[in-house]
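Dear colleague,

Please find below the structure that I am handing over to you.

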Amino acid sequence: MINLETPKKFRPLVGQAHQVAMNLLRPNSRTYDLAEHTYPKELDMLAAMVDGLSESGAASGAGASGVRRTESGSQGPSAQGPSAAEGTRNGSNLASVLSIMEMCWGDVGLLLSMPRQGLGNSAIASVADDEQAERFKGVWAGMAITEPGVGSDSANISTTATPDGDDYVINGEKIYVTAGDRCDHVVVWATLDRSLGRAAIKSFVVPKGTPGMTMERLEHKLGIRSSDTAAFRFENCRVPKENLLGDPAVDPKQGFAGAMATFDNTRPLVAAMAVGCARASLELTRELLSEAGVEIDYDRPAQTQSAAAATFLQLESDYEAAYLLTLRAAWLADNRRPNSLEASMAKAKAGRVGSDITLRCVELAGSIGYSEHELLEKWARDSKILDIFEGTQQIQQLIVARRLLGKSSAQLK
Ligand SMILES: Cc1cc2nc3c(=O)[nH]c(=O)nc-3n(C[C@H](O)[C@H](O)[C@H](O)COP(=O)(O)OP(=O)(O)OC[C@H]3O[C@@H](n4cnc5c(N)ncnc54)[C@H](O)[C@@H]3O)c2cc1C
């Protein structure tokens, strides 16, 4: 089994994240799975701790806040990567995926409910200019892209942002906003002009409580039930012009690139969630198999071992591939190299094998896997979403195919 070492400087971070996952997230996992929509109050203490570490500078990459690409704040990777003098760097992207893997070994839904670590925070960290990054420091931001008629085809969003004086006026509906109820800001994708296509889509930071913004309902779900998922309506909702993230100019040549840059940062994070949850399932299944007298032997070919051991080895190799792809996507971002292809590869692989591994672990453990005595059935439910949001399995494969074949989104749909 390949097992690359965690960079030395991240070992304390990974160790801390593991302690939190083991002592705080795991013990509360079942409670908030059953008590859907109840706020996990234990997370307040944890958030205070993360804030304390951030202030002391010790929490680089503790979550969604650590995905800005360069120290200078410039966005987008340079094609050349770092100069030889700079060497390679293991930065905040790698730190984020490593700590997220640990936290999701604890509980994916609770990680998604961590105050001030929303997907909107990643968008702000990736796209905001320096003034905005400072102004929105410390907010908890959800991300609102999906609409009743628009999911994977996010270039077709119909929510509008109309300039009026010093404001933009937002009108439309957004659904499935993770942490929508608990966050204090929502990053909303809206179009400045539908006739100008994808280039006119911009993201806007909307503080909760802004007149015209209404939370309509919370969803009941298969998994990640400790994470709230909200729907919003925007009716003549005004936000100041300076809340538009990035460049307000509509540049057809730039296309969707500004808004999409966020995904290059967030897809490896979602892949990391799948990897963490899969590892939890594999570890528990290994224990259960061992109790049942099935030992995994790494010195013998899989086909000479029991069917259960051979299956386990196959699942573990899928896990390793997903793990390494995720590290690579994050490492490329840390080293200012383009990573769109690798981010989609990591998300596609980890999303798919995460669902497969967790469900096959239920199967290997039989009735114990299916019952609520263990968390295996919960992990199988939780991991499915990681193959759906931030771009489904099929959409990631489409992006990978386009990149490898050099086709545009118009040429390969
Ligand atoms: C729990 C939860 C949390 C979420 N959180 C957020 C959030 O915080 N913010 C947010 O904006 N959204 C969020 N979403 C929405 C999520 O991102 C979308 O569900 C996802 O993008 C898919 O869109 P859809 O559901 O409309 O499916 P569709 O786009 O309608 O897709 C349906 C099926 O068709 C496939 N498909 C679609 N297009 C193609 C194609 N071109 N080629 C091949 N197959 C295709 C898809 O892969 C999928 O299998 C969340 C969803 C859930 C369930």
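This is a predicted model: local features need pLDDT of at least 70, side-chain atom pairs count only at pLDDT 80 or more; totals for chains, interfaces and linings use all residues.

Residues are numbered from 1 along each chain as its sequence is written, and side-chain values use heavy atoms, with hydrogens and water left out.

The ligand is surrounded by 21 residues, the closest being Thr146, Ser152, Tyr176, Thr392 and Gln394 (a residue is near a molecule if one of its heavy atoms lies within 4 Å of it). By class, this shell holds 11 nonpolar, seven polar and three charged residues (Ala, Val, Leu, Ile, Met, Phe, Trp, Tyr, Cys and Pro count as nonpolar, Asp, Glu, Lys and Arg as charged, and the others, Gly among them, as polar).

A polar side-chain atom of Thr146 is 2.6 Å from a nitrogen atom of the ligand. The side chain of Ser152 has an N or O atom 2.6 Å from an oxygen atom of the ligand, and a polar backbone atom of Ile145 lies 2.7 Å from an oxygen atom of the ligand. Of the 960 Å² of accessible area that the ligand has on its own, the protein covers 65% (areas come from the Shrake-Rupley method with a 1.4 Å probe).

Next come the helices (DSSP runs of H or I, at least four residues, numbered from the N terminus). The axes of α8 (residues 307-334) and α9 (residues 340-365) come within 9 Å and cross at roughly 155° (axes are lines fitted to C-alpha atoms over the stretch in contact, and angles run from 0 to 180 degrees between N-to-C directions). These two helices are therefore roughly antiparallel (angles over 145 degrees). Their contact comprises 16 nonpolar, three polar and six charged residues.

Helices α1 (residues 11-34) and α3 (residues 92-106) pack at an angle of about 25°, with their axes 7 Å apart. Helices α1 and α3 are therefore roughly parallel (angles under 35 degrees).

Yours sincerely

Definitions and conventions. Angles under 35 degrees count as roughly parallel, over 145 as roughly antiparallel, 65 to 115 as roughly perpendicular and the rest as oblique. A polar contact is a pair of N or O atoms within 3.5 Å; within protein, one must be able to donate a hydrogen and the other to accept it, and residues adjacent in sequence count only if both atoms are side-chain atoms.
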